[in-house]
There are 2 protein chains.
Amino acid sequence: MRAGPRNLITDVSGLRIGNARDDDLRSGVTVLIADAPMACGVNVMGGAPGTRETELLAPDKMVQCVDALVLSGGSTFGLAACDGVSEGLRHMGRGFEIGPVRVPIVPGAIIFDLLNGGDKNWAQNPYPALGRAALDAARTDFALGSEGAGTGALTHQWKGGLGSASAVLDNGLTVGAIVAVNALGSVTLGDTRQFWAAPWELDREFGGLGLDGPFDGTLEPRMTKRLGEATTIAIVATDAVMDKAALTRLATAAQDGMARAIVPSHTPHDGDLVFAVSTGTKPMPDPLSTPFQLGHAAASVLARAIARGVYSATSRSGDLQPRWSA
Amino acid sequence: MRAGPRNLITDVSGLRIGNARDDDLRSGVTVLIADAPMACGVNVMGGAPGTRETELLAPDKMVQCVDALVLSGGSTFGLAACDGVSEGLRHMGRGFEIGPVRVPIVPGAIIFDLLNGGDKNWAQNPYPALGRAALDAARTDFALGSEGAGTGALTHQWKGGLGSASAVLDNGLTVGAIVAVNALGSVTLGDTRQFWAAPWELDREFGGLGLDGPFDGTLEPRMTKRLGEATTIAIVATDAVMDKAALTRLATAAQDGMARAIVPSHTPHDGDLVFAVSTGTKPMPDPLSTPFQLGHAAASVLARAIARGVYSATSRSGDLQPRWSA
């Protein structure tokens, strides 16, 4: 397993990411779109999720593919970003075909960033326009850190952000991840800058500090945020052919990457979830061992993406937390 | 957070553990019972679970408490251990009261240990008797390692086993875990004896080797077992008052301990799951921060219990894998 050429989720061929942000609002939107509809699954482990169109991702539900996925700031108001994306897809003629109409399938999830110092006194919900702008900006290269859905993100200790990473497996398949890191938990060990994700780090992609302690198993984490102020939301992607059920399982395996990169994860006050998508362009070499390998890769890539999101955060005036690299 | 006096799940007052094993069968059964019925939740993350009576644990289902929980070897045949436990409870007059009858509520889960070198050519299913024997042996002190449901357990590299650990939080609440470790994944880093769970270790309870690498994020795990040969099943317990919904969330949080202690966890071929029970003898100091603390403690204690199970495995003739301490 090695990092792909961009070390971004867009190393999965056919995927594009669009980011939009509003620095006064201290929030933004990230959109994933592909050249063609993607098979998709989801796994929700956090106790406080904010979602849209996730029910249809269950393996038994009719629709098999999504047109785009949205990660957004703005808590429940950010779910409106999907409206802007759907409108853009409508103009593009994209969507689930029902007779003469097309219904864009755009699941989304949000992080809570309403108490991050931004100006939230808007008269009109800004997220539909941010969603549309993110869709229009979709490309294969994009910036990490204080961008898109990670614009206003915070964590236990360091400024959060938008992270991404990729891996090319020995079998030639690619797995990528993108994540908005806004966790209640900590991505680093105690008072150090050592990322919990360090065992999975490739090529010093988030500073190369390793993880060698000292560990203190007696430590009990403190809640530095208030109720509902958190959430880490992610997408993992692969080019391997996988159906909704297999992708549900891939999303589940990827949650382990969050558990390893953020301590604690999946708390009652986080809406932590993982979407998994497949572009379906490459066959599965082995029906038993390949999903096992892909699951490990998804967990590894998501852990790395989480660390890279915090590692890449940049300073903006009014920041409530230090950036990792300060 | 410190380990409780026994460093066992039975540090949660009122709980007892019974173990029974058959060395020719290379399998066994572990039973958790309490002085009174326990509130219970469950979270299933593995792709190949084997369970009984888990549906009734959903928060919306009528029954609120269980009389006992069973962890068993034997794959699907081991689910019969619950029959022996139910019969024993019937004799004790225990069970959900419906008019003049009592219906023992005994959820259970199994690991796959049918290809571990034991004699599986039984004419009559041995698990009901093992379940009954485990119930009759229930006590507050018990041995770890190659005992109970961990008797015939294997992992990626080392002999598996039965593990347990406990923690007393700064707020005075206790959290304990018991686990049968039979994972497809590895509990140690690469070719070293360093446990992945080391960051959570207390008092050198599993050797004190730490975790300092070298890490190699490029490694892809191999499947050393065949399809369906794995599974790690656990119970976490607390004395804090928690209902089924809160315990479902506690079980979910505890899964992060498995993710951190076993790489990879929650694969398509593991039936990984966590039960969570409450004896309900102590009030919750704070409705927001205490469940957050308990979730972290549950993950930490489960990670430690997993390492302790492998650390405590003992040699028996015909072992297919080395024990960690060999």
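## Aromatic pairs

B:W196 counts as buried, because its relative accessibility is 8% and the cut-off for buried is under 20%. The model described here is predicted. B:F215, with a relative accessible area of 23%, is partly exposed, since that class lies between the buried limit of 20% and the exposed limit of 50%.

Over all chains, the structure holds 12 aromatic pairs. In one of them, the ring centres of B:W196 and B:F215 are 6.4 Å apart and the planes stand at 20°, so the pair is stacked. This pair links distant parts of the chain: B:W196 and B:F215 are 19 residues apart, and each lies in the loop between β9 (174-181) and β10 (233-240) of chain B. A pair of aromatic rings is described by two quantities, the distance of the centres and the angle of the planes. For a pair to count as stacked, the centres must lie within 6.5 Å and the planes under 30 degrees apart.

## Aromatic cluster and charges over rings

In chain A, one aromatic cluster is formed by A:F195, A:F206, A:Y311 and A:W324. A:W324 also has a charged neighbour: A:R193 lies over the face of the A:W324 ring, at 5.9 Å from the ring centre.

In chain B, the charged end of B:R193 sits over the ring of B:W324, and the distance to the centre of that ring is 5.9 Å.

## Helix α3 of chain B

Which residues of helix α3 of chain B are buried? In this helix, residues 127-136, they are B:Y127, B:L130, B:G131, B:A134 and B:L135. Why do these residues lie on the same side of α3(B)? The arc they cover around the axis is only 135°, which puts them on the same side. An α-helix has 3.6 residues a turn, so residues three or four places apart point the same way.

On the other side of α3(B), the exposed residues are B:A129 and B:D136. The buried residues of α3(B) are covered by parts of chain B that include the strands β1 (15-22), β2 (27-44) and β4 (65-72). The helices α1 (75-78) and α2 (81-91) of chain B are also among what covers them.

## Salt bridges

The count of salt bridges over all chains comes to 36. One of them joins the side chains of A:D60 and A:K61, with 3.1 Å from N to O. A:D60 counts as exposed because its relative accessibility is 60%, whereas A:K61, at 34%, counts as partly exposed.

In chain B, B:R316 forms a salt bridge with B:D23, and their closest N and O atoms are 3.3 Å apart. The two residues are 293 residues apart and link distant parts of the chain: B:R316 is in the segment after α5 (289-311) of chain B, and B:D23 is in the loop between β1 and β2 of chain B. B:D23 has a relative accessible area of 37% and is therefore partly exposed. Another salt bridge of chain B is formed by the side chains of B:D239 and B:K282, at 3.6 Å from N to O. This pair also links distant parts of the chain, with B:D239 in strand β10 and B:K282 in strand β11 (residues 273-282) of chain B, 43 residues apart. B:D239 is buried at 3% relative accessibility, while B:K282 is partly exposed at 33%. In chain A, salt bridges that share partners join A:R21, A:D23, A:E147 and A:R316 into one network.

## Interface of the two chains

About 4000 Å² is buried between chain B and chain A, and 64% of this area is on carbon and sulfur atoms. Of the area that chain B buries against chain A, 18% is supplied by B:E220, B:R249 and B:F292, more than by any other three residues.

The contact takes 45 residues from chain B and 45 residues from chain A. How many salt bridges does the rule find across the interface of chain B and chain A? The number is 0.

A:A261 lies in helix α3 of chain A, residues 244-261. Is A:A261 buried or exposed? With a relative accessibility of 1%, A:A261 counts as buried.

Neighbours within four places in sequence left aside, A:A261 is in contact with A:S186, A:V187, A:W196, A:A197, A:A303 and A:I306. A:T188 is 73 residues from A:A261 in sequence, and the C-alpha atoms of the two are 8.0 Å apart in space.

Technical notes
Residues are numbered from 1 along each chain as its sequence is written. Chains are lettered from A and ligands numbered from 1 in the order in which they are written. This is a predicted model: local features need pLDDT of at least 70, side-chain atom pairs count only at pLDDT 80 or more; totals for chains, interfaces and linings use all residues. Side-chain values use heavy atoms; hydrogens and water are left out. Buried means under 20% relative accessible area, exposed over 50%, partly exposed in between (1.4 Å probe, protein chains only). Helices (H or I, at least four residues) and strands (E, at least two) are DSSP runs, numbered from the N terminus. The arc is that of the directions from the helix axis to the C-beta atoms. Contact means heavy atoms within 4.5 Å. Rings of Phe, Tyr and Trp (its six-membered ring) pair if their centres lie within 6.5 Å; planes under 30 degrees apart count as stacked, over 60 as edge-to-face and the rest as tilted. A charge sits over a ring if NZ of Lys or CZ of Arg is within 6 Å of the ring centre and within 35 degrees of the ring normal. A salt bridge is a side-chain nitrogen of Lys or Arg within 4 Å of a carboxyl oxygen of Asp or Glu. Buried area is the accessible area (1.4 Å probe) that two parts lose on being put together, summed over both.
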